[in-house]
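Here is a short briefing on a protein model. Look at the structure first, then read the points below.

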Amino acid sequence: EINLMEELTLKGITQYYAYVTERQKVHCLNTLFSRLQINQSIIFCNSTQRVELLAKKITQLGYSCFYIHAKMMQEYRNRVFHDFRNGLCRNLVCTGRFGHLGLAINLITSEDRFNLKAIEDQLVTDIKPIPSSIDKSLYVAEYHSASGDCDVEEVEEKRQQDST
Amino acid sequence: KNGQMKHRDDECFGDGVDDFLDTDFDFEGNLALFDKAAVFSEIDISERRNGARSRGT
């Protein structure tokens with residue numbers, strides 16, 4: 001049996017990983033924001049608590065940020081996502097995962113090594129280390145080769161355990 | 001489990017994480033600390049030895 005959804009969610013997404021500690025994640029993210037100069041990003045976290053903490057931190061860093069998590073009313077979540085799609089905000093922090101065209105950077109800690117391997121095995125893909133030149137060249141190739149609005153960065157924070 | 005999560009949140013968002021924001025994060029230096037092929041090989045060996053239950057624990 002072929003699961004087309006997994007294929008669909010991976011197509012058009014270029015995946016890299018960066019190796020970090022918990023204490024380095026904010027620094028790493030801030031550097032990605034400044035170096036990539038991406039129009040919009042979606043950042044995935046594994047807990048509602050962390051979604052709120054990260055959204056607050058991103059706002060403190062001077063970037064506009066919305067957030068969505070499972071404890072919010074569905075109607076409100078829809079509204080936030082609608083506003084994000086319409087460009088009212090540049091960054092969205094949320095739980096859960098969904099794929100679309102763009103660049104995905106996984107922030108991997110030592111504890112995430114099992115998850116990283118499981119994802120590679122399940123999706124039969126190779127997530128490569130982020131290249132040394134971190135700039136628009138990481139995603140302009142995808143932008144020009146795709147037809148849609150893929151000027152979107154996904155930064156995914158992997159955790160060993162799901163808290164929800 | 002919740003205590004572990006809180007500890008990680010404290011590490012991630014606690015005092016001092018903003019100290020180096022004026023400089024670029026050292027992606028290459030950190031990547032050098034993680035030999036993915038070797039780590040994955042170790043996981044494979046460990047799983048063969050202990051069975052699938054060892055994953056993620």
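Buried means under 20% relative accessible area, exposed means over 50%, and partly exposed lies in between (1.4 Å probe, protein chains only). A:D83 has a relative accessible area of 15%, so A:D83 is buried. This is a predicted model: local features need pLDDT of at least 70, side-chain atom pairs count only at pLDDT 80 or more, and totals for chains, interfaces and linings use all residues. Residues are numbered from 1 along each chain as its sequence is written, chains are lettered from A and ligands numbered from 1 in the order written, and side-chain values use heavy atoms, leaving out hydrogens and water.

**Around A:D83**
- A:D83 sits in helix α4 (residues 74–85) of chain A; helices are DSSP runs of H or I, at least four residues, numbered from the N terminus.
- Leaving aside residues up to four places away in sequence, A:D83 touches A:F66, A:L88 and A:C89; contact means heavy atoms within 4.5 Å.

**Extent of the interface**
- Chain B brings 31 residues to the contact and chain A brings 42 residues.
- About 3,600 Å² is buried between chain B and chain A, and carbon and sulfur atoms give 61% of that area.
- Buried area is the accessible area (1.4 Å probe) that two parts lose on being put together, summed over both.
- B:R8, B:F13 and B:F27 supply 20% of the area that chain B buries against chain A, more than any other three residues.

**Salt bridges and helices**
- Seven salt bridges are counted between chain B and chain A; each is a side-chain nitrogen of Lys or Arg within 4 Å of a carboxyl oxygen of Asp or Glu.
- B:R8 forms a salt bridge with A:E111, with the closest N and O atoms 2.3 Å apart.
- On the side of chain B that touches chain A, α1 (2–13), α2 (27–31) and α3 (36–50) of chain B each supply at least two residues.
- The largest share of that side, seven residues, comes from α1(B).
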